[in-house]
Amino acid sequence: MSAILRFVSFPLYIAAKAARYAQQLMQSTYLESKTRWMQITIVNETGFPLKFDDTSYRFRSGRFWTGPGNVEANSETTFSVCNKTFGVGVNGRALYNLSVSPECTVTVLIQYVNEFFGNIRLTANFVVGENLPKETVVKVNGSYKKVVVSCAPGSHGKVTVFFEEEQAAPSSD
C-alpha cells in the first residue's frame, strides 16, 4: 500500500512544484508587462535593523505589486510597485526606521516615481525635522557614526538604495 501511495503522491509533488515555479515566473513577467513599474531593492549595509513603517506609505497613483518589508542588519529586500490602470503611472513613498539603539531611531524616506509621462525617479533621504539630508550622524555605544543613504539607478525601473555606516565626529548641533 505504501508503494502505491508513493507512486501516486510523487507526480502530485512534482506538479505542485512546477505550478509554484510557473506562478513565480508569471508574476515577474506580468510585473514587467505593466505600462509603469519599478522594482526597488533596499540594501542595508549597517549593523542596524531597518523597519518598514506600514502606517505611513502613500500612493498618489499606483500600488504595491509585492509589498515592502523589514530589512535586517547587513541584508537586503526587494519590493515592486506598478500602475493600477492604463494611462496612469506610479507615484508614492515608503518610510523606514533605522533603529541604531533603543534611544535613537532615524527615519528614512524613499520616494518613487514612474509616471506615464516623464522620467523614472527615486530618492532616498533621512527625515530630520523639515530637512531631508543624505547623511546624518548618530551616537552608538558611545561613538559617533555617519549613516549615508544614496540611490543607484538600474535598468528598466530597477533601483537600489544603500545604507552605509562609517565612523564620524560628533555634529555641532
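Two strands are said to pair if DSSP finds at least two bridges between them. The strands themselves, like the helices, are DSSP runs numbered from the N terminus, with at least two residues (E) for a strand and at least four (H or I) for a helix. With those terms in hand, β6 and β7 form a hairpin with 2 residues between them.

Before we go on, a word about the model. It is a predicted one, in which local features need pLDDT of at least 70 and side-chain atom pairs count only at pLDDT 80 or more, while totals for chains, interfaces and linings use all residues. Residues are numbered from 1 along each chain as its sequence is written, and side-chain values use heavy atoms, leaving out hydrogens and water.

Now let us step back to the whole chain. The protein chain has 1 helix and 11 strands, and from the N terminus on they run α-β-β-β-β-β-β-β-β-β-β-β. Of its 173 residues, 33% are buried, where buried means under 20% relative accessible area, exposed means over 50%, and partly exposed lies in between (1.4 Å probe, protein chains only). If contact means heavy atoms within 4.5 Å, then among contacts between residues at least 6 apart in sequence, 55% join residues at least 24 apart.

Back to the hairpin we began with. The hairpin of β7 and β8 has 6 residues between the strands, and in it Gly 118 takes a positive phi near 120°.

Some of these residues turn up again in the interior. A nonpolar core is a set of buried Ala, Val, Leu, Ile, Met, Phe, Trp, Tyr and Cys residues joined through side-chain atoms within 4.5 Å. The largest one has 26 residues, and Ile 42, Phe 79, Tyr 96, Ile 110 and Tyr 112 touch the most other members. Two or more residues come from each of β1, β2, β5, β6 (90-101), β7, β8, β9 (135-140) and β10 (143-153), with β6 giving the most, 5 residues. In soluble globular proteins, nonpolar side chains tend to be buried together.

What is Phe 79 in contact with, leaving aside its neighbours within four places in sequence? The list includes Met 38, Ile 40, Ile 42, Phe 64, Pro 68, Tyr 96 and Tyr 112.

Glu 45 lies between β1 (37-44) and β2 (50-52), and Glu 45 is partly exposed, with a relative accessible area of 39%. Although Glu 45 and Ser 75 are 30 residues apart in sequence, they are 6.9 Å apart in space, C-alpha to C-alpha. Asn 74 sits in the loop between β4 (63-66) and β5 (75-82). Asn 74 is not a glycine, yet has a positive phi of about 55°, and at 58% relative accessibility Asn 74 counts as exposed.
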